[in-house]
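Subject: Handover of a structure, with notes on what was found

Dear colleague,

I am passing on the structure below, followed by my notes on it. Please read them with the model open beside you.

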Amino acid sequence: MKKKLFKLTVLILLFIPTAVYANNQRTAVFISDLHIGQGALNGKWVPTEDFRWPNALKGFLTEISKEHGDAIDLVIVGDFLEMWQLPEDIKCNGPTADLGCTVDEMEELTRRILANHSTTIASLRSFSARGKNRVHVIPGNHDAALLLDEIWTLVFEKLGGDKDRIHLVANGIWSTPDGRVVADHGHQIGSDVNRYDKWPVITEKKNGETHLFRVWGELFVQRLFNDEEAEYSIIDNISPESAGVRYRMADRGLWKSVGDVAKFISFNLWETSLKQKGKFLGREHDENNQPKWNLKIARDHGHKLIVSGLAPDDAFRKTLVDDNDQSEALRKELDILVRSTPDTELQLLCDLAAINSEEFGADSGVTCDDPTLGGSLSSMLIPRKWILRSHIKDIIKKNNKYKKMNIYIYGHTHKYEDKWNLKVNSMKSVSVLNTGAFQRLVSEDKLKDIAKQRGISVERALRALDVNDLPPCYTSVVVNYKNGYPKPELKMWYMPEEASTGHFVGLNDKRCQIIEKD
């Protein structure tokens with residue numbers, strides 16, 4: 001009798017979570033990085049406008065709503081709006097380099113964006129009004145202004161103004177009611193140059209007026225895109241995002257202060273390190289068993305350590321080793337930067353140098369001596385694995401609900417990633433996915449292929465291609481519940497803008513590759 005009661009109790013305890021959340025275990029669809037901006041003026045797209053695909057989004061929303069019975073949580077995982085690329089008459093000249101637009105300037109920009117993308121906004125409003133659909137908007141770095149009441153009110157009303165259907169994720173972290181699926185934009189991961197130090201606080205009052213913080217990524221990277229997109233149409237449609245900047249520099253030399261370029265080269269190293277998949281340097285280990293490099297030797301290497309972390313054919317590497325005054329000035333700036341790099345990040349630089357030494361040979365650069373743990377460098381996804389593990393742990397600390405996280409989804413990098421498992425601690429693993437971007441993109445590797453096929457340099461290909469040359473393919477993550485547990489899937493939506501409808505295709509579908517023109 002006692003055994004029967006025990007078994008019954010266990011079954012009841014196992015059933016309770018499913019019973020409690022059964023009504024809330026809805027399909028969730030995640031898209032990000034639409035970058036809806038200034039739109040068109042006098043019938044012509046503004047050069048900085050990335051979102052030129054209202055029909056593709058409408059078709060996507062119609063399809064997912066139909067497929068899942070008009071009962072979807074659509075989660076826009078940051079950078080819904082493009083609020084860093086400004087029209088000429090909105091100056092945003094803050095009192096310091098770290099302070100930018102006023103609230104009034106952001107309000108004016110928001111009104112223009114909404115007016116110039118009325119078709120897209122109408123599609124989202126129509127989607128949210130169907131059945132039991134809901135729309136959740138997570139602010140990203142490009143649209144952090146959504147956190148301000150004045151700005152969100154404008155967007156909220158245009159999206160339908162229904163508080164039961166339209167939600168702002170004011171803390172920057174969205175989760176399912178059971179806490180098993182968690183999403184944020186991703187700009188707060190590690191030492192990203194786009195992170196806000198006081199997130200989600202994004203303003204400061206100065207001289208009696210409230211200004212938005214202007215992070216370094218906005219001050220430098222986005223200003224570059226603003227200046228260059230008229231000539232380099234796809235400069236920010238390349239994945240990873242830093243690639244366009246590298247090839248622009250290789251094409252026409254430096255364009256900003258040497259100190260800014262040095263900082264960007266360091267950022268580029270972290271971003272391109274996301275490509276370090278499947279490069280095995282030793283057995284897998286946990287965070288308590290990380291290799292210990294000689295950091296004094298690392299600091300003494302200075303710029304040579306940065307050079308060693310770059311591939312031999314990297315445009316930045318070529319610039320750094322050139323024999324000219326600009327390259328020499330860059331090397332000196334990087335010497336200073338490496339000496340002041342925190343220990344944790346310095347160790348990751350050493351890891352990247354060791355990866356390149358393994359792949360390209362010992363003469364590819366310097367190393368940080370032998371690891372004291374005897375060759376126990378992590379097997380793959382270095383250094384992202386450590387950075388994401390720390391970020392997820394920080395999320396879990398914010399709310400007990402997040403302790404149940406099984407799936408973590410982010411965007412920001414514009415580079416989609418299918419599911420991979422991250423061991424957070426000895427008791428917990430989390431599936432990680434990246435939404436990519438709901439806009440037309442080309443990978444750096446594909447851009448190199450195009451250049452090779454056409455017999456031109458990558459820099460020339462960067463100038464020759466237009467966003468309309470890029471494939472009409474857009475990525476998303478769809479999470480369905482099966483037997484009480486969430487199951488994520490990375491999905492590719494294919495729809496030419498002139499078509500009446502589209503459909504989901506495989507990630508390697510040929511239609512999502514650039515077709516060479518005759």
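In this predicted model, β17 and strand β18 (residues 485–494) are joined in the antiparallel sense over ten bridges, and one of the pairs that can be picked out is Asn-480 with its bridge partner Lys-487 in β18. The two strands form a hairpin with two residues between them, in which Asn-483 adopts a positive phi near 55 degrees. On its own account, strand β17 (residues 473–482) has eight of its ten residues buried, and it is therefore largely enclosed by the rest of the structure.

β17 also pairs with strand β1 (residues 27–31), again in the antiparallel sense, here over three bridges, and Phe-30 is the residue that stands opposite Val-477 of β17. With strand β4 (residues 72–77), by contrast, β1 pairs in the parallel sense over five bridges, where Ala-28 faces Asp-73 of β4.

These pairings belong to an open sheet of seven strands with mixed pairing, whose order reads β7-β6-β4-β1-β17-β18-β19. At the edges of the sheet stand β7 (166–168) and β19 (503–505), each of which has a single partner strand, so that one side of each is left without a neighbour in the sheet. Between neighbouring strands of this sheet the turn is 30 degrees on average, with direction ignored.

Two helices that pack on the sheet deserve a note. Helix α2 (residues 54–67) touches β1, β4, β17, β18 and β19, and its direction makes about 145 degrees with that of β18. Helix α4 (residues 118–129) touches β4, β6 (134–138) and β7, and in its case the direction makes about 130 degrees with that of β6.

I looked at α4 in further detail. Its twelve residues should span 16 Å at 1.5 Å a residue, and because its end C-alpha atoms are 16 Å apart, the model agrees with that expectation. Which residues of α4 are buried? They are Thr-120, Ile-121, Ser-123, Leu-124, Phe-127 and Ser-128, and since they cover an arc of only 155 degrees around the axis, they lie on the same side of α4. The elements against which the buried residues of α4 pack are α2, β4, α3 (103–116), β6, α5 (149–158) and β7. After α4 comes Gly-131, which has a positive phi, near 50 degrees.

In strand β6 you will find His-136. Is this residue, His-136, buried or exposed? With a relative accessibility of 7%, His-136 counts as buried, because the cut-off for that class is under 20%. Leaving out residues up to four places away in sequence, His-136 touches Asp-73, Leu-74, Val-75, Ile-76, His-167, Val-169 and Trp-174. For one of these, Leu-74, the separation from His-136 is 62 residues in sequence, while the C-alpha atoms of the two are 6.1 Å apart in space.

Thr-319 is part of helix α11 (residues 315–321), and with a relative accessible area of 15% Thr-319 is buried; apart from its neighbours within four places in sequence, Thr-319 is in contact with Met-249, Ser-327 and Leu-330. Ala-329 belongs to helix α12 (residues 325–339) and, at a relative accessible area of 30%, Ala-329 is partly exposed. Although Ala-329 and Gly-259 are 70 residues apart in sequence, their C-alpha atoms are 8.8 Å apart in space.

Finally, here are the totals for the chain as a whole. The protein chain contains 16 helices and 19 strands, and buried residues account for 56% of its 518 residues. Among the contacts in the protein chain with a separation of 6 or more, 74% are between residues 24 or more positions apart. The accessible surface of the protein chain is about 23,100 Å², and carbon and sulfur atoms contribute 49% of that surface.

With best regards

Definitions and conventions:
Residues numbered from 1 in each chain as written. Predicted model: local features only at pLDDT ≥ 70, side-chain atom pairs only at ≥ 80, totals over all residues. Heavy atoms only, no water. Helix = DSSP H or I, 4+ residues; strand = E, 2+ residues; numbered from the N terminus. Buried < 20%, exposed > 50% of the residue type's maximum accessible area, 1.4 Å probe, protein only. Contact = heavy atoms within 4.5 Å. Areas by Shrake-Rupley, 256 points an atom, 1.4 Å probe, with all protein chains shown as cover. Pairing = 2+ DSSP bridges. Axes fitted to C-alpha atoms, helices over the stretch in contact; angles between N-to-C directions. Expected span 1.5 Å × (residues − 1). Arc of directions from axis to C-beta.
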